[in-house]
Amino acid sequence: MPDIDESFTYLDNGTLRIGVDKSRGAAIGYLALSKDKRNLLNHHDEGRFIQQSYYGERDGSMWAKKPWSYNPVQGGSYKGEDSMALEFRNTTKELYAKIEPLHWASAKRCPQSIMQEWITLDGAVAKIRMRLDYTGPTQKANVHQEMPAMFVDYALPHLIFERAGKLVKHAPVMLGKDLKPERIDYTGGWLAFVDDKNFGIGIRTPGTSKAVTYRHHGNGSTGTNGSACSYVAPIRQFPLTNGLVVDYEFHLTIGTLDEIRGRFAKIPE
């Protein structure tokens, strides 16, 4: 499928192609094999990227009539307003961005939560470094934080991970009005969403052993801009405290389940 969104910019090493939306906080919304350019990610709205998103205390904001918390999001707000890339560069070897995010519910600017990202490619693996510098007031809420959020094509329904040395094939909960994302425990530091032929996308965040996940049907439309999606996020628990720096790396790859596991196994801890 040809690239038609001019707001995206890409790295492509002939094996893997990764792209960020410069107009929406340089969030990652494109990952495909170079040979077929089939994007396995979903970026239906500002919340659906592989991106940074953090949570604090309830602050009086409302998301679709629901009380919400302090929530700076790299891509922007649910109202469709976009976060700003303060700095951006693509050297053809590395993508870099510095972002001032927006509050997901209120769309207010969050200059106290400056985000950065660095993206490089090594063969069939993308290496991404994320950083948050939080200079706002200390918030007491000790909550689960996405490390990072990942939204993929609904056509990838099976969540695969390891638990106690065994592979688990999991069907995530279908998100509804009264259902919340489910939490899972896993080992090995990686998760993957695959299709019925065990082909899909894997994410590895070293040092994580818990995740939240769901599937959302929406109007049933699949693909990059579809209303439906599959979601997973490795999580860690910590509060947003004044002077906090969150700096971590994760990896992405596309392939068969065996290829995903094999590539991740070769990455040093």
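## A salt bridge to start with

Is D12 buried, partly exposed or exposed? In this predicted model, D12 is partly exposed, with a relative accessible area of 34%. Its salt-bridge partner is R17, and the closest N and O atoms of the two are 3.1 Å apart. R17 is buried, at a relative accessible area of 12%.

## A three-stranded sheet

Let's turn to the strands. β1, β2 and β3 make an open sheet in the order β1-β2-β3, with antiparallel pairing. Because β1 (8-12) and β3 (27-33) each have a single partner strand, they stand at the edges, and one side of each has no neighbour in the sheet. From one strand to the next, the twist averages 20°.

Strand β2 (residues 16-21) pairs with β3 over six bridges. Within β3, Y30 is the bridge partner of G19.

## The nonpolar cores

The largest nonpolar core has 47 residues, and I18, I128, L191, I201 and L252 touch the most other members. Leaving aside neighbours within four places in sequence, the contacts of I128 include I18, W118, F250 and L252. Another core, of nine residues, lies apart from it; I160 and L257 are among its members.

The structure holds 12 salt bridges. One of them joins R109 and E100, with the closest N and O atoms 2.6 Å apart. Here R109 is exposed, at 57% relative accessible area, while E100 is buried, at 7%.

R261 and E162 form another, at 3.3 Å between the closest N and O atoms. R261 lies in helix α1 (residues 257-265) and E162 in strand β14 (residues 158-163), so this pair ties together parts 99 residues apart in sequence.

Conventions. Residues are numbered from 1 along each chain as its sequence is written. This is a predicted model: local features need pLDDT of at least 70, side-chain atom pairs count only at pLDDT 80 or more; totals for chains, interfaces and linings use all residues. Side-chain values use heavy atoms; hydrogens and water are left out. Two strands pair if DSSP finds at least two bridges between them. Helices (H or I, at least four residues) and strands (E, at least two) are DSSP runs, numbered from the N terminus. Axes are lines fitted to C-alpha atoms, for helices over the stretch in contact, and angles run from 0 to 180 degrees between N-to-C directions. A nonpolar core is a set of buried Ala, Val, Leu, Ile, Met, Phe, Trp, Tyr and Cys residues joined through side-chain atoms within 4.5 Å. Buried means under 20% relative accessible area, exposed over 50%, partly exposed in between (1.4 Å probe, protein chains only). Contact means heavy atoms within 4.5 Å. A salt bridge is a side-chain nitrogen of Lys or Arg within 4 Å of a carboxyl oxygen of Asp or Glu.
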